[in-house]
Amino acid sequence: MSLELIVVLLIAPLVGFLINGLFGKWLKGNEKLSGWIGSVAVLISLICSIIAFASLQGGGTPFDETLYEWITGESFAFNIGFRVDALTTVMLLVITGVGFLIHVYSIGYMHGDAGYTRYFAYLNLFVFAMLILVLGNNYLMMFVGWEGVGLCSYLLIGFWYDKKSATDAGKKAFIVNRIGDFGFLLGMFTLFAAFGTLDFVAIFDAAEADNFQKVFGTSTLVIATLLLFVGAIGKSAQIPLYVWLPDAMEGPTPVSALIHAATMVTAGVYMIARSAVLYNIAHTGEVVAWIGVLTAFFAATIALAQNDIKRILAYSTVSQLGYMFLGVGVGAYASGVFHLVTHAFFKGLMFLTAGSVMHAMANELDMRKMGGLKAKMPITHWTFLVGALAIAGFPFLSGFWSKDEILHSAWGSSPLIYIIGLITAFLTAFYMFRLIFVTFYGESRVEPDVASHLHESPPVMWVPLAILAIPSALIGLLLGWGGHDSWFHHFTKSVFPEAHHEASGNVVLFMVISSIVGLAGIAFAWMRYSKRVPSTEPTNALYKLIANKYYIDEIYNALIVQPIKNGSHYLLWRIVDNGVIDGIVNGVASVIQIIGGTLRRLQTGIVQAYIVSMVLGIVLFLAYYLFFG
Amino acid sequence: MELQYYLILSALLFTTGVIGVLVRRNAIIIFMCIELMLNAANLAFVAISRSLGEATGQVFVFFVMAVAAAEVAIGLAIIVSVFKHRETINVDEVNSLKG
């Protein structure tokens, strides 16, 4: 592995962004070209990633080099430097692999959109920022990427900016992420104050040797890791900052697949896995695990009662991200990252199939108006089924392996967390198959004018679906066979410290339990939804509460948004701005006006009046000198 | 010959000129009053020069007369152009520099 390889890997999407961003005007007549430029840029990165991955096989040493010195001061230096180890290459493959397929898919999906070149420019910029995030060898580089992906997320959620709901969702995502990023920044400051550097290796070595400034006494690392986790909560949509992710579905569906399912939202998991040494020393993993498992459960319950396909998938993403945090929280870093990988494939796949459905249904998202789509869209149906089986933990499909590893590790940490996780697994299987049965099976409830041109998507869309379906089904088996002795664990062993809690109990027993729970969820959904139309949903209070997402948005609105708005309007604007600040400015002006108004009377314009004052002055002076001089 | 008589006359002439400048409204009259003041000063110069037996004061008078001539030329030109613009030379009505 050489520095040149990494630079090419990183720069290719940036070049794509620049071409599409700067010369998009000339590409407009030829949108296919613009789409392929974007896709090829990511393909180059993918090839470089595979080379980097291959060179780490067989115990290759991690690559850690500085490109150049970025900021230097008397006592500190920040570098543009890259670290490529097992964790990085895994992330690289996910980002560029899933990213490439989604780029290709977008060529078909975005066909005819007025902002076609802008779309690909943003998407390439996103890949570039995400690559910086995972390639950096220090927290500052990570933060640059972290903010970069946040910006692209904002731009792409609000991509259809003439739609108010889309721009609102973009702003919501951006503002909620600011809260998390603030925590990330404070965490970085704490680390810098303690270690005097932000380089991963230097920090981890010093932390392990207990050789750092105890800025906050013994709790320095606890505070630092918890603040970093606040950043992860924002970016990865955990309680209490998850509210932006469901709204982010206003963006184009491939964006939801790439940014809000496969890559960006997993940045928090990556960050914690990267900082595993610190979390192990600080023992803050338990907080991470509890937030994770509660989010997983909470979001899964909301998903039970939604009718918008993309929103179900969004809550499902929040829920699965919770699983990942549960994994890294209980010290099973490899398992958490493993789930990140499998989830990226099957959730990306499901979002793309949802996009395929939308494409055919003239952007209809309400599954009550679907039903029986299996006959018209067989490929979409089968690929979605693969994704749903994978997430539901159907035996030997991807989700089964990764989720089971996490649950197994959770058992070693706390049986209560395990049980909540298991219930969530049941709910996951249930809501996913509710979605499948209502959308693809039963009678068609499609409105006639839509039904007439219901069709399978073009090859540029279904080929990526088919390709994604393969890893969604098999990657768990390939990488995860053998549980904690699997290939994936061996590959990433060099990166992660030993777990706190040795996983205990019979692995096979856990697998059987997980499978039974998953199958039970599927069966339950089949009983309930395979025949019935969902207009007969229960109408009791609990259902209403869940269908309205626990009124969390309304509560936040009442507790946070409205007070800030009112405070800004009445206190800050009316009183402080209009009263105090404008008062001072206008007051100074009017005092000067009064003085000037008085003085201007002296300027009568009558020359003789001036002479009178002159003569009077002379007379007074003369009199003074005559009588007192 | 008493110096003081000349100085008293000069002071009277000067005062007359000042009062004329202050109270009259016609620009030409004001102008003439200024001339009166200048000549009052000239008278005082000459008288003191004579009394001291020196020529300096008389040289000053020539300067004053030269300046007064130039001033008359410019001053009358201004008055003529003001009259052309305003059709008046009443200084109370020429007050567009009012603040």
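What follows is a set of questions and answers on this predicted model.

Trainee: What does the secondary structure of chain A come to?

Mentor: Start with the extent. The C-alpha trace of chain A spans about 120 × 70 × 55 Å along its principal axes. Its secondary structure comes to 27 helices and two strands.

Trainee: What percentage of the residues of chain A count as buried?

Mentor: A residue is buried if 20 or more other C-beta atoms lie within 10 Å of its own. Chain A has 629 residues. Of these, the share that counts as buried is 51%.

Trainee: Among contacts in chain A with a separation of 6 or more, what percentage comes from residues 24 or more positions apart?

Mentor: Contact here rests on C-beta atoms within 7 Å. Take the contacts in chain A with a separation of 6 or more. Residues 24 or more positions apart account for 81%.

Trainee: In which sense do strand 1 and strand 2 of chain A pair, parallel or antiparallel?

Mentor: Strand 1 covers residues 63-72 and strand 2 covers residues 77-84 of chain A. A hairpin of four residues joins strand 1 to strand 2 of chain A. A:Asp64 stands opposite A:Arg83 in strand 2 of chain A. Over eight bridges, the pairing of the two strands is antiparallel.

Trainee: How many residues of helix 12 of chain A are buried?

Mentor: Helix 12 of chain A runs over residues 267-274 and is mostly covered. Its buried residues include A:Tyr270, A:Met271 and A:Arg274. The count of buried residues in helix 12 of chain A is eight of eight.

Trainee: How do helix 18 and helix 20 of chain A run, roughly parallel or roughly antiparallel?

Mentor: Helix 18 is residues 378-392 of chain A, and helix 20 is residues 415-440 of chain A. Their axes come within 9 Å and cross at roughly 165 degrees. An angle over 145 degrees counts as roughly antiparallel. So helix 18 of chain A lies relative to helix 20 of chain A as roughly antiparallel.

Trainee: How many residues in the contact of helix 18 with helix 20 of chain A are nonpolar?

Mentor: Helix 18 of chain A passes helix 20 of chain A in a left-handed crossing. Among the residues that meet are A:Phe384 and A:Leu385 in helix 18, and A:Met432 and A:Phe433 in helix 20 of chain A. The contact has two polar and no charged residues, and its nonpolar residues number ten.

Trainee: Where is A:Asp199, and is it buried or exposed?

Mentor: A:Asp199 sits in the loop between helix 7 (164-195) and helix 8 (200-208) of chain A. Its C-alpha atom is 9.1 Å from that of A:Gly136, a residue 63 residues apart along the chain. Leaving aside neighbours within four places in sequence, A:Asp199 is in contact with A:Asn137 and A:Asn138. Because A:Asp199 has 23 other C-beta atoms within 10 Å, it is buried.

Trainee: How does A:His283 count by its C-beta neighbours?

Mentor: A:His283 has a positive phi of about 55 degrees although it is not a glycine. It is in the loop between helix 13 (276-282) and helix 14 (285-304) of chain A. With 13 C-beta neighbours inside 10 Å, A:His283 counts as partly exposed.

Trainee: And B:Glu87, is it buried or exposed?

Mentor: B:Glu87 has a positive phi of about 60 degrees, and it is not a glycine. It is in the segment after helix 3 (56-86) of chain B. B:Glu87 has 8 C-beta neighbours inside 10 Å, so it counts as exposed.

Trainee: How many charged residues are in the contact of helix 2 with helix 3 of chain B?

Mentor: Helix 2 (residues 27-52) and helix 3 of chain B pack at about 175 degrees, with axes 9 Å apart. They are therefore roughly antiparallel. Among the residues that meet are B:Phe31 and B:Phe45 in helix 2, and B:Phe60 and B:Val64 in helix 3 of chain B. The contact has 13 nonpolar and six polar residues, and its charged residues number one.

How values were computed
Residues are numbered from 1 along each chain as its sequence is written. Chains are lettered from A and ligands numbered from 1 in the order in which they are written. This is a predicted model: local features need pLDDT of at least 70, side-chain atom pairs count only at pLDDT 80 or more; totals for chains, interfaces and linings use all residues. Axes are lines fitted to C-alpha atoms, for helices over the stretch in contact, and angles run from 0 to 180 degrees between N-to-C directions. Angles under 35 degrees count as roughly parallel, over 145 as roughly antiparallel, 65 to 115 as roughly perpendicular and the rest as oblique. A crossing is left-handed if the near helix is turned anticlockwise from the far one by less than a right angle, and right-handed if clockwise. Two residues are in contact if their C-beta atoms, placed from the backbone, lie within 7 Å. Ala, Val, Leu, Ile, Met, Phe, Trp, Tyr, Cys and Pro count as nonpolar, Asp, Glu, Lys and Arg as charged, and the others, Gly among them, as polar. A residue is buried if 20 or more other C-beta atoms lie within 10 Å of its own, exposed if 12 or fewer, and partly exposed in between; C-beta atoms are placed from the backbone. Two strands pair if DSSP finds at least two bridges between them.
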